[in-house]
Amino acid sequence: PRAANAALGVERLVELVDKFGEMGEQIERTGAMLGISATAVQELNYIAKQAGTDTQSAAQAIERLQVNLQKAREPTSQQAKALAALGLSARRLLDVPATEQLALMADAFKRLKDQGINPTVLGLELMGRGAAGMVPMLEQGGDRMRALSEEAERTGAIILPANVKALTEMEHSLIGAGSSAL
């Protein structure tokens with residue numbers, strides 16, 4: 001019984017290490033895809049969860065926004081017109097990190113909503129379908145998003161970048177050890 005319990009304990013530990021390793025890899029992949037830090041990815045994840053959407057949809061929305069911001073550099077493009085309707089410009093948004101881009105978009109969404117204008121169509125134009133789940137959060141304004149970022153850090157929902165890297169390396173070591181044991 002002791003040997004069986006020990007084996008079960010080791011198996012569960014391996015599963016836990018694997019889960020955390022996968023989480024570290026996902027954070028690194030998303031950060032690389034969006035060109036943002038591991039901390040920003042986790043802030044985005046926290047905000048997405050608070051908005052009732054998933055990280056993948058939020059990441060896709062931000063990725064689409066980055067593409068459309070490049071297109072919006074052309075002042076006559078649909079994307080530039082959508083940004084102008086929000087009171088924003090590509091130049092302004094391209095000068096700040098992705099999390100602040102979202103906060104500025106949220107300020108614009110809130111301003112329009114307070115004026116009785118539905119900003120959803122503009123959000124979909126700039127961020128694609130992934131924006132749909134984020135609209136309720138965006139309509140609360142940038143201060144709410146900034147507060148959620150601070151809350152994520154304050155509550156320990158953010159893993160330090162060095163620890164994200166360590167988790168990823170630990171999983172790679174575990175995979176390597178498992179394949180060499182075969």
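Modeller: What follows is a quick tour, from the overall fold to single residues.

Colleague: What kind of model is it?
Modeller: It is a predicted model; local features need pLDDT of at least 70, side-chain atom pairs count only at pLDDT 80 or more, and totals for chains, interfaces and linings use all residues. Residues are numbered from 1 along each chain as its sequence is written, and side-chain values use heavy atoms, with hydrogens and water left out.

Colleague: How many helices and strands does the chain have?
Modeller: It has 10 helices and 0 strands. Both are DSSP runs numbered from the N terminus: helices are H or I with at least four residues, strands are E with at least two.

Colleague: And how much of the chain is buried?
Modeller: Buried residues make up 39% of the 182 residues. Buried means under 20% relative accessible area, exposed over 50%, and partly exposed in between, using a 1.4 Å probe and protein chains only.

Colleague: What share of the contacts join residues at least 24 apart?
Modeller: That share is 66%, among contacts between residues at least 6 apart in sequence. Contact means heavy atoms within 4.5 Å.

Colleague: Let's do helix packing. How do H2 and H3 cross?
Modeller: H2 covers residues 38-51 and H3 covers residues 55-71; their axes come within 9 Å and cross at roughly 115°. Axes are lines fitted to C-alpha atoms, for helices over the stretch in contact, and angles run from 0 to 180 degrees between N-to-C directions.

Colleague: Which residues make that contact?
Modeller: H2 brings Leu44, Asn45 and Ala48, while H3 brings Thr55, Ala58, Ala59 and Ile62. By class there are 5 nonpolar, 2 polar and no charged residues. Ala, Val, Leu, Ile, Met, Phe, Trp, Tyr, Cys and Pro count as nonpolar, Asp, Glu, Lys and Arg as charged, and the others, Gly among them, as polar.

Colleague: At what angle do H4 and H7 pack?
Modeller: H4 (residues 78-85) and H7 (residues 120-127) pack at about 140°, with axes 10 Å apart. So H4 is oblique to H7. Under 35 degrees is roughly parallel, over 145 roughly antiparallel, 65 to 115 roughly perpendicular, and the rest oblique.

Colleague: Who meets whom there?
Modeller: Gln78, Gln79, Ala82, Leu83 and Ala85 in H4 meet Leu122, Glu125 and Leu126 in H7. The contact of H4 with H7 has 5 nonpolar, 2 polar and 1 charged residues.

Colleague: New topic: the core. Which residues touch the most other members?
Modeller: Leu83, Leu86, Met105 and Met127 do, in the largest nonpolar core of 46 residues. Such a core is a set of buried Ala, Val, Leu, Ile, Met, Phe, Trp, Tyr and Cys residues joined through side-chain atoms within 4.5 Å.

Colleague: What does Met127 contact?
Modeller: Beyond neighbours within four places in sequence, its contacts include Leu65, Leu102, Met105, Phe109 and Leu138.

Colleague: Is Ala90 buried or exposed?
Modeller: Ala90 is buried, because its relative accessible area is 7%. Ala90 lies in H5, residues 90-94. Past its neighbours within four places, Ala90 contacts Leu69, Ala72, Arg73 and Leu83.

Colleague: And where is Ala98?
Modeller: Ala98 is in H6, residues 98-114. Not counting residues up to four places away, Ala98 touches Ile36, Ile62 and Gln66. The C-alpha atoms of Ala98 and Val41 are 9.5 Å apart, though 57 residues separate the two along the chain.

Colleague: Last one: what does Ser149 contact?
Modeller: Ser149 sits in H9, residues 142-154. Leaving aside neighbours within four places, Ser149 contacts Glu43 and Ile47. Ser149 counts as buried because its relative accessibility is 13%.
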